[in-house]
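Work through the exercises below with the structure open beside you. Each task is followed by a solution in steps.

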Amino acid sequence: IDDDVYRMDGVKRNKEKMIMRILVFGAGVLGCNLANNLFRAGKDVTLLARGAWAEEIRKNGLQIKNSIFHCTKVSRIPVAAELLPEDTYDVIFVAVRYTQIETALEALRASRAETIIFVGNNVRASGTAALLPEKNVLFAFTSAVGHRGSNYVDSVDLRKITVGPLRGAPSQEKLIQGIFAGTKYKVTYEPNMEDYLLCHAAFVLPAVFACYKTDGNLKKLKKDDAYLHRLIDANIEGYRAIRNAGHEILPDTDKEFEGAAYRKTCFRFFKLMCATALGKICASDHAMNAVDEMRALNRDIKRFFDENSASYPVWQALEAEAGRYL
C-alpha cells in the first residue's frame, strides 16, 4: 500500500472550502469509488457502510486496488452506519443495486437532504423519482467496475460520470458543477437521464445474456461471430422499441443504431470483450455477482417493451439461452 493516505484532518482536505455535505449511501464498488474520488478532492463526504465492512474502513481506511496498475490507495474517509432524519446532508448519492432501491426510500424521505442522486442501473427512473415527490431527484451512471473483497475494493475506475434529471425538469447543471468542482471526474451533464438509462440497459443486457450463456467465461465466444451479431440484433431491437415509444436514443453517438457503422463499432467492442480480459473486468464479474439485479432489469425492460407493443424475438431467444440465471 502506498503512502498516499488522506486523513480526516490532513492538509489536502482543507485546501478547498467545503460548500456542501455529501453522503454516499452504499459501499459497493460504485459507492466506494465515488466517495473516494470526492473525498480526495477535499469534499465533505461520508460513506454509509454497515457491518464488518464498515469496521474495516474505520480501522484500516478505505482501500481501493487498481486492477490494471496493481496499486492500492487508502483514504481515511468518515463512515456512517445509518442515515438519520436529523443528519444535515445537502446531497445524497444512492449507490445501491437496482433491487435495493426500495429498501432505502424510507430513510431518504425522512432525510433533510434536498437532492437525491441515484447512481447505477435503472429502467424505471420516472417511477423512482415519483416515490420521492418532495426531493430534487437526479440520476447518474459512473464508469467504475470491479468487485469488493473482504478488506478492499478491486476495481477499474475511469472517473467518468453522466448525471442529470429527468426530461423536462429544471436544469441542474450548476448544482452538478458545484458537486464535482475540483474532482478528477469527466462529468457529462445529461438532461434526459431516463432515456439514457433505458438505452444503457438495452445495450448491456444482451452482453449479460452472453455472460450467462458461458457461465461467465466470455472467451468461449471469441470465435462465434454469428452469436456476437445476434447480440447486436438484440440491442437494435431494444433501441427500436425505445425510439418507437417516443423516447430519445442516447448517447448521441448511438442515434444511427440501424446503420452499418453502428453495427461495425459494436461488433468490434463485443469481439474485444470476448477475446480479452476486458470482458471479465467490464461485464462478467458484475453479471455473475449481481444476478438478482440483472434479472430485475431484464424483467422491467421487457415490461416496457410489452407495454409499448414492441417485437423483440432475438432478445427473447438470447434470454432463453442464458439458462438457469434468468
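**Exercise 1. A cavity**

How much space lies in the second largest cavity? List the residues that line the second largest cavity, and sort that lining by class.

*Solution.* The model is a predicted one.
Step 1. A search of the whole structure gives two cavities of 30 Å³ or more.
Step 2. The second largest cavity holds about 40 Å³ of space.
Step 3. Its lining consists of Val96, Tyr98, Ile101, Phe118, Val119, Gly120, Asn121 and Asn122.
Step 4. Sorted by class, this lining has five nonpolar and three polar residues, and no charged ones.

**Exercise 2. The open sheet**

In what order do the eight strands of the open sheet lie, and which strands are at the edges?

*Solution.*
Step 1. Strands of a sheet pair through backbone hydrogen bonds, and the pairing can be parallel or antiparallel.
Step 2. Here the order is β6-β3-β2-β7-β8-β9-β12-β13, with mixed pairing.
Step 3. The edge strands, each of which pairs on one side only, are β6 (79-80) and β13 (186-189).
Step 4. At the β13 end, β12 (residues 160-164) and β13 run parallel and are joined by four bridges. Thr162 is the residue opposite Thr188 in β13.
Step 5. Helix α6 (residues 193-213) packs on the sheet, where α6 touches β9 (136-142) and β12. The direction of α6 makes about 35° with that of β9.

**Exercise 3. Val91**

Is Val91 buried or exposed? Find the strand that holds Val91 and the residues that Val91 touches.

*Solution.*
Step 1. Val91 belongs to strand β7 (residues 91-94).
Step 2. The relative accessibility of Val91 is 2%, so Val91 counts as buried; the cut-off for buried is under 20%.
Step 3. Leaving aside residues up to four places away in sequence, Val91 touches Met20, Arg21, Ile22, Leu23, Ala113, Thr115, Ile117 and Ile179.
Step 4. One of these contacts, Ile179, is also among the buried residues of helix α5 (residues 173-180). The buried residues of α5 are Ile176, Gly178, Ile179 and Phe180.
Step 5. After α5 comes Gly182, which has a positive phi, near 85°.
Step 6. For a distance, take Val91 and Ala241: they are 150 residues apart in sequence and 34 Å apart in space, C-alpha to C-alpha.

**Exercise 4. Strand β11 and its partners**

Which residues of β11 point one way, and which the other way? How many bridges join β4 to β11, and how many join β10 to β11?

*Solution.*
Step 1. In β11 (residues 153-156), Val153 and Ser155 point one way, while Asp154 and Val156 point the other way. All of them are buried.
Step 2. Strand β4 (residues 62-66) is joined to β11 by three bridges, and the two run parallel. Ile64 in this pair stands opposite Val153.
Step 3. Strand β10 (residues 145-148) is joined to β11 by four bridges, and the two run antiparallel. Here Arg148 stands opposite Val153.
Step 4. The link from β10 to β11 is a hairpin through four residues.

**Exercise 5. Asn298**

Why does Asn298 count as buried, and which residues does Asn298 touch?

*Solution.*
Step 1. Asn298 is part of helix α10 (residues 291-307).
Step 2. Asn298 counts as buried because its relative accessibility is 3%.
Step 3. Not counting residues up to four places away in sequence, the contacts of Asn298 are Leu205, Phe209, Trp315, Glu319 and Leu326.

Terms used. Residues numbered from 1 in each chain as written. Predicted model: local features only at pLDDT ≥ 70, side-chain atom pairs only at ≥ 80, totals over all residues. Heavy atoms only, no water. Buried < 20%, exposed > 50% of the residue type's maximum accessible area, 1.4 Å probe, protein only. Pairing = 2+ DSSP bridges. Contact = heavy atoms within 4.5 Å. Axes fitted to C-alpha atoms, helices over the stretch in contact; angles between N-to-C directions. 1 Å grid on protein atoms, 1.4 Å probe; cavity = no way out; pocket = protein on both sides within 12 Å on 5 of 7 lines; lining within 4 Å. Points joined across faces, edges and corners; volume = space filled by probe spheres on them. Nonpolar A, V, L, I, M, F, W, Y, C, P; charged D, E, K, R; others polar.
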